[in-house]
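Here is a short report on one protein model.

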Amino acid sequence: MTPELMIKACSFYTGHLVKTHFCTWRDVACTNENVALAEKMNRAVRCYNFRLQKSVFHHWHSYMEDQKEKLKNTLLRIQQIIYCHKLSIILTKWRNTARLKSKKKEDELILKHELQLKKWKNRLTLKRAAAEESNFPEQSSSEGSLVHETLKCDISLLPERAILQIFFYLSLKDVIICGQVNHAWMLMTQLNSLWNAIDFSTVKNVIPDKYILSTLQRWRLNVLHLNFRGCLLRPKTFRSVSHCRNLQELNVSDCPTFTDEAMRHISEGCPGVLYLNLSNTTITNRTMRLLPRHFHNLQNLSLAYCRRFTDKGLQYLNLGNGCHKLIYLDLSGCTQISVKGFRHIANSCTGITHLTINDMPTLTDNCVKALVEKCSRITSLVFTGAPHISDCTFKALSTCKLRKIRFEGNKRVTDASFKYIDKNYPNLSHIYMADCKGITDSSLRSLSPLRQLTVLNLANCVRIGDMGLKQFLDGPASIRIRELNLSNCVQLSDASVMKLSERCPNLNYLSLRNCDHLTAQGIGYIVNIFSLVSIDLSGTDISNEGLNVLSRHKKLKELSVSECYRITDVGIQAFCKSSLILEHLDVSYCSQLSDMIIKALAIYCINLTSLSIAGCPKITDSAMEMLSAKCHYLHILDISGCVLLTDQILEDLQIGCKQLRILKMQYCTNISKKAAQRMSSKVQQQEYNSNDPPRWFGYDREGNPLTELDNVTPSKGASELTVEKSTYSSEEQAA
């Protein structure tokens with residue numbers, strides 16, 4: 001074998017071996033690759049199936065969640081429907097029950113009213129029959145009947161403190177009458193503490209000087225307060241006051257016979273006087289010289305309308321120990337005081353905190369500047385009837401820490417004054433700026449930061465509108481405001497009332513008198529002021545619908561709807577049914593009202609203390625009889641212009657309304673002068689005349705509407721009521 005063959009054989013063998021191994025490798029490799037590919041394909045298929053299942057499941061899950069949510073909403077809606085249905089059933093039952101209870105209560109009140117009225121009529125019949133049979137005067141008959149009906153009760157057995165509390169409510173005349181009942185009552189009226197304060201002004205025309213002298217002599221050590229206001233006494237009587245060594249308060253205002261000589265005796269004998277009222281007397285500089293010498297502790301001094309002292313008299317206040325403890329000073333009407341006089345006051349009375357200067361047209365900015373140079377403690381300031389005061393006064397008062405300020409009828413005060421208020425008086429709580437025509441919305445914006453403001457009076461400020469009030473209420477001042485007077489602010493509308501209901505949670509007294517743009521919607525906002533107890537809507541366009549809405553406010557005690565011509569009996573009746581705590585009602589000049597409102601008041605509002613039905617010509621005696629039988633707490637009654645009333649109502653008022661103090665009977669054509677004179681002995685103040693009603697009342701002396709008013713609108717404010725007053729006091733009748 002040759003090498004070539006060996007090489008060829010080896011090459012063949014090697015190639016064959018490689019070919020064999022390659023084929024084997026190829027077969028193995030292809031087999032493994034197919035297996036891996038198959039596994040990958042299987043894995044890919046499983047992954048695809050999983051993703052497909054996941055996607056399907058996700059869509060299914062979303063669908064099921066939506067179905068569950070829909071089902072849940074459906075169930076919730078069904079539950080709400082069931083709940084609303086149950087609530088509707090409950091509310092219906094509650095409403096029916098409430099209506100039944102209200103109807104039952106109303107029936108009980110009406111039944112009680114009828115029984116009391118029947119009892120009242122029987123009582124009157126028995127009294128009149130007894131008076132006719134016995135032939136005694138009516139007064140003796142009533143006294144005997146009262147004695148017979150009085151329960152047996154000896155108040156002399158009560159503790160002394162309780163007896164004093166009872167007798168403190170009586171006037172001097174009543175105390176004297178009580179002392180004449182019997183010996184036990186006389187002893188009760190002689191308690192020392194009962195004579196600490198004596199008010200002779202209520203009996204000024206009855207008790208003679210002799211009795212006053214004996215009274216002061218007997219109780220000279222107990223008397224602390226004396227009131228001689230309006231008394232026409234002899235000089236000797238005034239001099240007897242000097243025996244009251246412990247006297248602290250003396251009021252001799254409106255006493256024409258009080259002189260400097262009487263003041264000299266009093267000042268020497270009563271050095272401890274703290275409160276002295278010399279208003280409208282004839283004192284001169286001699287009295288002014290006595291004040292600093294003897295009254296070293298004088299705190300309150302009133303010299304109002306004393307026009308006989310001069311600037312020199314004010315200079316005397318700095319003599320001796322001076323009047324440096326004086327904290328209250330009233331100089332109203334003292335037009336003779338000049339800038340020099342105010343400078344004397346500043347030098348002698350540096351501690352003044354309360355200053356009142358009314359009806360003083362001579363008061364200027366310079367006077368105020370001279371006063372506040374040294375009187376920097378002034379906290380209360382009253383300037384009424386001072387037309388020459390301007391913004392300069394507010395600038396001068398910036399050194400004082402004012403809390404109360406009152407300006408009325410001033411046209412020179414502008415918005416600039418309120419800018420000083422905002423910056424210098426952060427503790428201001430009372431602001432009276434009535435009838436100041438220069439005040440605009442800008443002023444209210446300046447008042448909004450006052451956190452302590454509780455009383456705001458802007459009556460007759462006609463330039464104030466909704467925008468200014470909104471800016472004021474948006475500030476912190478609205479939170480504590482309790483009294484707000486916006487009378488005759490004619491630009492205000494329902495928007496302002498809505499803002500009030502949102503921002504004034506503590507508002508108690510609100511006056512929207514003559515705000516013509518107020519509608520029934522605004523009345524609805526008033527109902528949301530839950531703290532409100534008094535509202536004045538006189539002269540507005542309120543109707544029966546508005547009164548029905550207002551009746552939802554259960555806490556109102558005072559309501560004034562005078563000159564609201566759209567109001568009828570229906571509206572007042574609806575309001576009275578829901579206002580059982582009503583104490584004051586003014587429906588004067590609402591000519592459509594009749595006896596039905598008096599009946600509603602007698603049934604539902606038996607706690608009424610003040611009632612004005614002036615200008616209501618349909619009111620008759622039968623209505624007033626019901627009022628007298630039920631409203632025993634009535635203190636003030638105005639029946640002016642009720643032309644159908646007769647003398648009979650005065651007899652009913654005397655028997656039923658024993659607490660009546662003020663009675664006005666102007667233009668009562670069927671009430672006689674003799675009956676009015678008898679009634680005057682039962683009340684403290686009475687106004688009466690029998691003239692025909694003026695034309696602006698809108699009806700004649702018979703109560704019939706006038707056919708022609710000569711283009712005169714029946715408005716109380718448009719015409720000045722000129723009356724011839726015939727006032728009869730109990731003292732004059734007794735005299």
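Predicted model: local features only at pLDDT ≥ 70, side-chain atom pairs only at ≥ 80, totals over all residues.

Residues are numbered from 1 along each chain as its sequence is written, and side-chain values use heavy atoms, without hydrogens and water.

**Overall form**

The protein has 26 helices and 20 strands. These are DSSP runs: H or I of at least four residues for helices, E of at least two for strands. The radius of gyration is 44 Å, well over the 27 Å of the globule rule for 735 residues, so the protein is more spread out than a compact globule. That radius is taken over C-alpha atoms; the rule is 2.2 Å times the number of residues to the power 0.38. The C-alpha trace spans about 185 × 70 × 65 Å along its principal axes. Buried residues make up 43% of the 735; buried means under 20% relative accessible area with a 1.4 Å probe, protein chains only.

**Aromatic pairs**

The whole structure holds 12 aromatic pairs. Rings of Phe, Tyr and Trp (its six-membered ring) pair if their centres lie within 6.5 Å; planes under 30 degrees apart are stacked, over 60 edge-to-face, the rest tilted.

| Pair | Centre to centre | Between planes |
|---|---|---|
| Trp195 and Trp219, stacked | 5.3 Å | 5° |
| Phe228 and Phe238, edge-to-face | 5.9 Å | 70° |

Trp195 and Trp219 are both buried. Phe228 and Phe238 are buried too. One aromatic cluster is formed by Tyr589, Tyr667, Trp696, Phe697 and Tyr699.

Terms used: Buried < 20%, exposed > 50% of the residue type's maximum accessible area, 1.4 Å probe, protein only.
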